[in-house]
Amino acid sequence: MWMHINEVLKRAMNRVTTAAADFLPGLVALLIILIFATVVAFVLRIAVRRSLERANFDRRTDQWGLARLADWSPARSPTLLMARIAFWLIVLLGLLVGISALDARLTSMLVIRLFAYLPNVLVAAFVLIVGAVLSRFLARSILISAVNLQIQSARLLSLGVKWLVIVLTLAMALEQLGIGGQIVQLSFAILFGGIVLTLALAVGLGSKEMVSRSWERQADRLDRESEEHFHHL
Amino acid sequence: MAEVDIENAPWEPAAIESADIVVGVLSFNSAETIGPVVAAVQSGLSSYFSGNRSVLVHADGGSKDGTQELAVQSALDKDSFLQVTYPVYPVHKLSSGYYPIPGRGNAVRTVFEAAGKVHAKTCAVLDANVQGLKPEWIHALVRPVFEEGFDFVSPYYLRHKYEGTILNGIVYPLIRALYGKRIHQPIGGDFAFSAALIGHYLDQPEGDTDLAGNGIDAWLTTHAISGGFRLAQVFCESRVRHEHEPPPDVSTILAQVLGPVFTEINRTAPAWQRIRGSEAVPTFGLGSFPAEEPARVDLHHMMESFRLGYQSLQDVWRLVLPPATLLELKRMASHPDESFHFEDAAWARTIYDFALAYRLRLMDRDHLLRALTPLYLGWLASYLLEVRDSTAAEAQARIETLCRAYEAQKGYLISRWRWPDRFNP
């Protein structure tokens, strides 16, 4: 009987050893690939950081109306954020390649689904960037025009326009990513409609005296300028 | 009379082979004033330059109100009258605003090409939308170039102290401090040019859309100054412009006037950074300020505009102005109307900061120039408060003081221009 037990134990050890022997090369390959990818990622991070610093990327993002990017960035530097994104992208790619060394079937499915989703992510990112820039541009345009028209609630108007554009942009991005589905659409419709209705009521009812005073001041300005004896040029 | 469309066909001056003097009259829907202007120009040429061959070139941008026909009818000497058209693109019409001649740059270039074709020694350019143009003005404008050998002549309008405030508060001091020449009307006037200067202009590459459109005056003036040409100015009565429509608001005027000026400052930066101080330009004619008329202006409204701007545009101004200037503006905003005052040095630095922001594109350029409006109204209120009891001559002396402040602050502009990130007081 002891011989039988010994036999079974030997066979089990053989199976474990064989399985380990089959698994270990893949694991070693995964580790080597990860280390290599990390080294490449470090180099790329340095290269991206230096080239963005040379191009004054931090100042340019502010000029393009992407100041919020600085709030989300480490040390308030979009340059560092981009460098880190590049770093982790390479590491992630390395991980995918390494996993394929373990089980090609698993990674191929993962990679296919990932790459199928990537265009949606890129489009959503593009929509968000365009929306951020547009909201800032329109908000500033409204603000300056309203101030020059002597409208006291210039900042409120500017803020309202900015958030309208941001809400619209977010809804478009979420729809592109396929997140939330109808819930997002309904929420957006309610929110957007609510903002518009609020502004309409504010102008129509709550601020009618303020608006009418602004228009009166505007009309007075035109009358005044026709009577005033000076020309700017 | 030879009628030629320069835009669509090469121009062959079959009827006019050469001329000593060319006077270009620019028009666009100027039916109400073109007749008297054409008559006055030809009367001036025949009265004062009768021994010389002169041509009136009427450059029209495709008027739809009969301007071209009226011009032909009003011409006293059809053999010395040439009518040409210049291209006006939709963008010129959309952005004309303050300027009554859309596509003014194309109009001026058309006249220059005509002057070049006939080998004219002198070329003057006038707008057709002025009222009360006298023949003597043609003589005054043309003579310094034709007889005295100057290359560039601009008018020197002696105006009411409340007129030309953008010119007196910004454009004239800026051009004077940067380029070292005291040209009182660097833009928005009638000019005369020599053949050499016209050749210099035509040799330059085609200007960008801004300059080909309505910002041509700044380009002409800065090229004449930086090209080392002989400059002069001539006293004359203030022009009365005929308005087709209500004038645009002050922010539109600021944007349209200062845009080309700042563009030229950016383009000629290597030249003006070497210039120190300023010198007077020879001035012809006798001038006297107009009789003082009581004028009504609402200073409180201007000050309130400034205060509203300070309250609401902090985030915008912070991108352009350094902390020291913002502090000065804060102090001003808290002052009551009676003691409201915009220091000359602070105003000069403000304009310089906006010129720098224009160059660096810290924001959309139209937004930037319109954001200057409350600051301009604040300066204007301060200036009008100071000169309300002054004569026109005293007000002009006050402007000269302002100009010296611009010159004194030029070092500040140069430092910020060269090191915009490091020098930020």
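Of the 233 residues in chain A of this predicted model, 16% count as buried, a residue being buried if 20 or more other C-beta atoms lie within 10 Å of its own, exposed if 12 or fewer, and partly exposed in between, with C-beta atoms placed from the backbone. Because the model is predicted, local features need pLDDT of at least 70 and side-chain atom pairs count only at pLDDT 80 or more, while totals for chains, interfaces and linings use all residues. Residues are numbered from 1 along each chain as its sequence is written, and chains are lettered from A and ligands numbered from 1 in the order in which they are written.

The secondary structure of chain A consists of eight helices and zero strands; helices (H or I, at least four residues) and strands (E, at least two) are DSSP runs numbered from the N terminus. Along the sequence, the pattern of chain A reads α-α-α-α-α-α-α-α. Among the contacts in chain A with a separation of 6 or more, 64% involve residues 24 or more positions apart, two residues being in contact if their C-beta atoms, placed from the backbone, lie within 7 Å.

Two loop residues of chain A have a positive phi without being glycine. For Asn56(A), phi is about 55 degrees, and the residue sits in the loop between α1 (2-54) and α2 (57-63) of chain A. Asn56(A) is partly exposed, with 13 other C-beta atoms within 10 Å. For Gln150(A), phi is about 65 degrees. The loop between α5 and α6 of chain A holds Gln150(A), which counts as partly exposed with 19 C-beta neighbours inside 10 Å. Ile183(A), in helix α7 (residues 182-206) of chain A, counts as exposed with 10 C-beta neighbours inside 10 Å. The C-alpha atom of Ile183(A) is separated by 59 Å from that of Leu9(A), 174 residues away along the chain.

Chain B has 19 helices and 13 strands. Of its 425 residues, 52% are buried. In chain B, 85% of the contacts between residues at least 6 apart in sequence join residues at least 24 apart.

The contact between the chains takes 20 residues from chain A and 34 residues from chain B. On the side of chain A that touches chain B, α5 (104-148), α6 (154-177) and α8 (208-227) of chain A each supply at least two residues. The largest share of that side, seven residues, belongs to α5(A). By class, the residues of chain A on this side are seven nonpolar, eight polar and five charged; Ala, Val, Leu, Ile, Met, Phe, Trp, Tyr, Cys and Pro count as nonpolar, Asp, Glu, Lys and Arg as charged, and the others, Gly among them, as polar.

The largest nonpolar core has 139 residues, where a nonpolar core is a set of buried Ala, Val, Leu, Ile, Met, Phe, Trp, Tyr and Cys residues joined through C-beta atoms within 7 Å. The residues with the most contacts inside this core include Val22(B), Val111(B), Cys123(B) and Leu254(B). Helix α6 (residues 165-179) of chain B gives the largest share of the core, 10 residues. Apart from its neighbours within four places in sequence, Val111(B) is in contact with Gly24(B), Val57(B), Ala59(B), Cys123(B) and Val125(B).

In helix α7 (residues 195-203) of chain B, the residues Leu197(B), Ile198(B) and Tyr201(B) are buried. Seen down the axis of α7(B), its buried residues fall within an arc of 100 degrees, so they line one face of the helix; the arc is that of the directions from the helix axis to the C-beta atoms. Among the elements of chain B covering the buried residues of α7(B) are α4 (104-117), β5 (122-127) and α9 (216-226).

Helices α12 (residues 299-312) and α17 (residues 373-387) of chain B have axes that come within 8 Å and cross at roughly 145 degrees. Axes are lines fitted to C-alpha atoms, for helices over the stretch in contact, and angles run from 0 to 180 degrees between N-to-C directions. The residues of α12(B) that meet α17(B) include Leu299(B), Met302(B) and Phe306(B), and those of α17(B) include Leu377(B), Ala381(B) and Leu384(B). The contact of α12(B) with α17(B) has 12 nonpolar, three polar and no charged residues.
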